Each structure stands twice: as structure tokens, then as C-alpha cells.
Amino acid sequence: MDNYSFQFADSYLGFWNIPQLGRKIPGTLFIEKHSIRLELFWNNVSAANVSTISSATGYAYSEIDNRKLCFYFALKGLRLTYSSWFGHHQSKYKWDVDHFFMSDKPRFSINGILNSCIRTHLMDKWVWDYTKESYSDLWPFRENDGIELKYQAKPSLALFESTSHNLYIKFGHGAHTPNALGFDMSTNSFLNLNLKKKHSFYDALDLTESMIWLFSLLWNNQFSPEFIEFRTAKSKFIYKQSDRYSYRYRDVSNNSIVTSISSFDKDELSTIIEKWFCFVEEEKSSMSTFFETQFNEHTTPATKIKNYVSVIDGLTRNVRVPSSGQISDQTRLKKFDSSFKKIKKVLSPKEYNEIKMAILRESPAELKPRFSNLMVILKEYVKVDIESDFCMKVIETRNIITHPKSMGKDVFSKEQYIDVAYCLEDIIRTYMLYKIGISSEIALKITSGFSQQLSRCYK
């Protein structure tokens, strides 16, 4: 399967096989911005109750530049959205499709994955400082005013290698025969994850997703690849999931990146990637929660706050902060001050001290000291100033959102939720950058809005 110039068509027309309905049913697979749907229209003997279908197959084509491109499809997770029967046994069905696999081979297996390939135009921008050396021209112009342009593709660039997998960028180019409009040449780069042993599809997908997470972090861009191709020993196939079921909604197209490959030297980049693999392995649950939330613009600010606080709780769960055992937060101390004065009059000194110690005791394993300690680390890393009660207010705000009847007073207002959510997002991103060894200078460049978002939380 030639993936150099591959792009998804808006629709694929062909014949589809559905065990509950029949074989070679005419229909069209539509690929829209956030959804995938299959529509069938044919003569059917009788109506069938098929509200959900686990899988279907098909052979369909798209027409691009007056060329028909044919593919074999395996559709998964079909949900019926419309059906009707009319006329002379005519039937029409519409299904939402969760995801599909497509290949130019009639029989392909999705297991035994040895390689995955991520294509995004953002990678072309990221490696431009490296690939521009592939071009050379003859200067000055020749007498006939012609320009001689030479291109020599770079060999694959290794980014990281271990005993289990390696990551590299492959550079490709394409050219069109000169015509009245001139000569056209294009260059594309492809991020490849090579696996040293066979993986199941979903294990390979998890590793591939982690690479998307890493570069979204380095680029400060929550991008979606143009496509992801997987390869086995015998076949290749392209995978696509509907945004509706992956819960990834990015309504604004962002083509900017804040770093380039020249921002890192080769050994530094290899170390960063190695640390990233280890970090994802150790914190898989927290990382999944973070990126699932960050990649979905339709998540409410309140939900983001709940999710991000849970992520911070997970990422710092093994941190044990030195503590005297008593809360140091002055705001919380003032809350109990008047009550202590009242009960001191009616209790013995021993009883009073026991109650006071119990109320003011704060375990170093609790989230508040761990969160506060995290902010101390980050302030030394990126030099960001925050209010002393920021961590407490965030936790109290999360508690109010989770338990609306609780009596918290020192919390952020609902008008501030969106800014608080962005603050927490930047805190987590900065901590990730810190953990994988990104320099503080580059970290500040990546999280350029960090200090602005924090300051807006206190306006």
C-alpha cells in the first residue's frame, strides 16, 4: 500500500457485507469532520432489526484526480441511526461507525504489528531545519535563465533505539511530469515506530498514541494525524477512528509549532524519548486521563478541573512530603480560630490539645501538601509565581464541583473555571516536560501562556 500521497476521501462507494443483512449490498461510506457513517440503499426482502453491528466488510472506491482508488474495508462498532422500508421491498439504512481498517489487500490481519507510521504535515515543519539541506541550486542563473534545482533525500533519521523498539523519521518525495503549469515536486516526512517483536493491534496503538502525545506536548499543538498506518510481516493497513467515539474534538485547525528538531541535539532528544516511554509506562492511567481531556475541546471547564486534579493526584501519589503533621495554611487556621477560643473555655488543657491536634493534623500523604510541593518544584523550574493559597483553592473548588452541598468558601468562582482549568493543564504539561528532561528555557517557550493563565485566576 503506497502511503506517500494517501489522504482520506470524503466518501467511498462500493459493496458491503453484513451478516445480518446480506452480501454485496450497495452503499457509501462517508468520512466527515467528526464522524464516520455508512449508508445502504437496496432491494431487501424484509425489514431486519439490526440496531448494532459488531463488524462489517466491504470493497469500495474513491475517485481523486479522475483516478479510482479501490480499498478493502473492515468496519467496527456500527450503530443504527436511521432505517426505512418502502416501495417494492426497498430498504435504506444509516449507521454510525466507531472505527475502520482499510487496505489494498483483500485479506489482512490487524495483529502481529511490527511497525506503525504516523503522517502529519506538522512533522514536515518540525524537521525543516534538517531537510532543507537536501536542496541545492546552481547560482548564478544560467544564460537561458533556467534554474537548476537538485534534491537528494535524506536517509531515515533515527531518534531513539532500545531493545524493544526504535523511533525514526523517514523522508519521501514525489514529483509530477512537467506540464503547462511547470514541474511540481513534494516532500513528506513520516514518523515510524518500529517494534522488535510482534504486538497485538491495541498494544501497538497505545504505543503509537503515546508518540502523538509526546509531539503534541513538544509542539504545543493537540494535532490529529492525517492517517496512521500499521504494518505486519505480510500486509499494511490504515486505521481511522471517529472523533465521536474517540472523544477528540478539535474544532480549530492549528498549524503552529513552537519547537523544531534543531531545538534539541541528537543525544538529548534520544534521552527525552526514552524518559517519555518510561514515564508513560509508569503513569499510564493519569496520562490517558490528561490527554483524553486535553484533546476534547467540548469538555466543560468543571469536568476539566475534576480530571486535572485527579491527574495531579495520580502523578504525585508516591511523593511523600516532609511535614510537621500540622496544617500550615493560614486561611484554614483562621477558619478554626474562633471555634478554638470557644471550646478552650470549657475543656481541660489536655482535651483541648487533643481536639486541636486532631482537627489541624495534615498527613504528608494527602493531596494538598503533595500539590504544594509540586508547585515548589515547578517554580524552581520555570520561575512562575502563584498565590500561596492556589493549591488549596483548587482542591476546595474540585470538592465543591464533586460534592455541591459541601460548605467550602475559599474557592474559585464559576467565571474563573475556564482559567483555572487552563492553569491546571499548563501545570501538568510543565511537570511532564520537567520529568522527561526538557530544559527550562524550552519549557517556558512551550507553555508560554502559563503565567498569564495563572494571573488571570486571581483577577
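Predicted model: local features only at pLDDT ≥ 70, side-chain atom pairs only at ≥ 80, totals over all residues.
## A buried tyrosine to start from

## The chain as a whole

Here is some background for finding your way. The chain has 14 strands and 14 helices. Of its 459 residues, 46% count as buried. The accessible surface of the chain comes to about 24600 Å², and carbon and sulfur atoms hold 51% of that area.

How much of the contact in the chain comes from residues 24 or more positions apart? Counting contacts with a separation of 6 or more, such residues account for 68%.

Now look at the strands β1, β4 and β5. Strand β1 covers residues 11-18 and strand β4 covers residues 52-64; the two pair in the antiparallel sense, with five bridges between them. To find this pairing in the structure, look for N17, which stands opposite T57 in β4.

Strand β4 also pairs with strand β5 (residues 67-86), again in the antiparallel sense, and here there are 12 bridges. One of the places to look is I64, whose bridge partner in β5 is R67. The hairpin of β4 and β5 has two residues between the strands, and in this hairpin D65 takes a positive phi near 55°.

## Aromatic pairs across the chain

A search of the whole structure finds 38 aromatic pairs.

Why does the pair of W213 and F291 count as stacked? Their planes are at 10°, so the pair is stacked, and the ring centres lie 4.9 Å apart; the cut-off for stacked planes is under 30 degrees. W213 lies in helix α3 (residues 201-219) and F291 in helix α6 (residues 284-294), so this pair ties together parts that are 78 residues apart in sequence. W213 is buried with a relative accessible area of 10%, and F291 counts as buried at 2% relative accessibility.

Ring pairs link F6, F8, Y12, W16, F71, F73, F100 and F227 into a cluster.

In two further places, a charged side chain is found with a tyrosine ring. The charged end of R79 sits over the ring of Y245, at 4.2 Å from the ring centre. Over the ring of Y82 sits the charged end of K94, 5.3 Å from the centre of that ring.

## An enclosed helix

Our last stop is helix α11, which spans residues 390-402 and has 13 residues. From its first C-alpha to its last, α11 reaches 18 Å, close to the 18 Å expected at 1.5 Å a residue.

Why is α11 described as largely enclosed by the rest of the structure? The description holds because 10 of the 13 residues of α11 are buried. Those buried residues are F390, C391, M392, K393, V394, I395, T397, R398, I400 and I401.

Key. Residues numbered from 1 in each chain as written. Heavy atoms only, no water. Pairing = 2+ DSSP bridges. Helix = DSSP H or I, 4+ residues; strand = E, 2+ residues; numbered from the N terminus. Phe/Tyr/Trp six-rings, centres within 6.5 Å; stacked < 30°, edge-to-face > 60°. Buried < 20%, exposed > 50% of the residue type's maximum accessible area, 1.4 Å probe, protein only. Lys NZ or Arg CZ within 6 Å of the ring centre and 35° of its normal. Expected span 1.5 Å × (residues − 1). Contact = heavy atoms within 4.5 Å. Areas by Shrake-Rupley, 256 points an atom, 1.4 Å probe, with all protein chains shown as cover.
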